[in-house]
Amino acid sequence: MIPKWAFQSAIWIVAMGTLLFVPAGTWRWPAAWIFLAAMTLTGLFAGLWLAKTDPELLAERMRLTARDGQPAADKLFVPILLVVFLGWFVLIGIDHRLHGSELPLAFQIIGLAMQLVATAFIMWVMRVNSFAAPLVKVQSERGHHVIDSGPYAWVRHPMYTGIIVFFIGIPLLLGSPWGLIASPSLAFMFVIRITIEERTLILGLEGYADYTLQVRYRLLPGVW
């Protein structure tokens with residue numbers, strides 16, 4: 001699985017680099033190279049770690065095409081989310097072309113730190129929840145059951161919490177005010193995804209409805 005994971009990761013890295021550098025009109029963008037290097041290293045490390053600790057989850061996360069059991073709403077929503085995500089990178093590249101890096105170095109360092117912390121948090125989520133697949137689906141064939149320990153004792157969707165922090169860190173590291181201003185749109189997309197996922201889990205996963213009463217908050221304790 002490792003070669004396949006490395007190949008998929010390389011495709012994503014090349015795609016993100018293209019969407020940043022081409023609109024920016026320059027290869028001389030140190031922050032973008034740091035971002036891509038960090039993505040490469042953490043992605044390969046996470047893949048190797050999952051291959052050792054939970055190969056079934058790694059295999060599940062590499063299946064990115066529509067699946068049986070995936071609700072129609074999620075099949076429709078995932079491509080929309082992908083378009084918004086890729087368009088966001090283009091926006092950051094255009095921002096760099098027009099304005100350069102407009103954020104102080106301290107903010108860029110904070111952005112890199114947020115990426116690394118968010119990555120570690122997401123890995124913790126995957127360690128606790130072996131069913132943290134990228135597509136919405138009740139994984140009956142894998143004995144899917146409710147997870148209520150670790151970060152799931154605080155919020156029902158900690159994976160999205162970590163991803164949102166990650167997406168705030170990216171425009172900070174890249175020095176893009178436009179990207180930072182647009183990042184709430186990505187957060188809103190995950191809010192929509194959560195509604196799809198919760199509807200599926202309440203209907204199809206035994207005990208999930210009770211779990212929603214036990215853990216009230218979806219993304220951030222005390223907020224939502």
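Q: Buried means under 20% relative accessible area, exposed over 50% and partly exposed in between (1.4 Å probe, protein chains only). Where does tryptophan 178 fall, buried, partly exposed or exposed?

A: Tryptophan 178 comes out as partly exposed, because its relative accessibility is 32%. Bear in mind that this is a predicted model, where local features need pLDDT of at least 70 and side-chain atom pairs need 80 or more, while totals for chains, interfaces and linings use all residues. Residues are numbered from 1 along each chain as its sequence is written, and side-chain values use heavy atoms, without hydrogens or water.

Q: Which helix is tryptophan 178 in?

A: Tryptophan 178 belongs to helix α7, residues 177-204. Helices here are DSSP runs (H or I, at least four residues), numbered from the N terminus.

Q: And what does isoleucine 94 contact?

A: Setting aside neighbours within four places in sequence, isoleucine 94 touches Pro23 and Trp178, where contact means heavy atoms within 4.5 Å. Isoleucine 94 itself sits in helix α4, residues 72-99.

Q: Why does isoleucine 94 count as partly exposed?

A: Because isoleucine 94 has a relative accessible area of 34%.

Q: How far apart are isoleucine 94 and tyrosine 160 in space?

A: Their C-alphas are 27 Å apart, and the two residues are separated by 66 positions in sequence.

Q: Back to α4, what span does it have?

A: α4 reaches 41 Å from its first C-alpha to its last over 28 residues, close to the expected 40 Å. That expectation is 1.5 Å times one less than the number of residues.

Q: Which helices do the buried residues of α4 pack against?

A: They pack against α1 (2-24), α2 (30-53), α6 (158-174) and α7. The buried residues of α4 include Phe77, Leu81, Phe85, Trp88 and Phe89.

Q: What follows α4?

A: Glycine 100 does, and its phi is positive, near 70 degrees.

Q: Changing topic, how many aromatic pairs are there?

A: The count is 16. Rings of Phe, Tyr and Trp (its six-membered ring) pair when their centres lie within 6.5 Å; planes under 30 degrees apart are stacked, over 60 edge-to-face, the rest tilted. One of the pairs joins phenylalanine 21 and tryptophan 27, tilted at 40 degrees with 5.1 Å between centres.

Q: Is phenylalanine 21 buried or exposed?

A: Phenylalanine 21 is buried because its relative accessibility is 4%, whereas tryptophan 27 is exposed at 60%.

Q: What about phenylalanine 166 and phenylalanine 167?

A: Their ring centres are 6.2 Å apart with planes at 70 degrees, so that pair is edge-to-face. Phenylalanine 166 and phenylalanine 167 are both buried.

Q: Which residues do ring pairs link into a cluster?

A: Trp12, Phe35, Phe85, Trp88, Phe89, Tyr160, Phe166, Phe167 and Phe190.

Definitions and conventions. Helix = DSSP H or I, 4+ residues; strand = E, 2+ residues; numbered from the N terminus.
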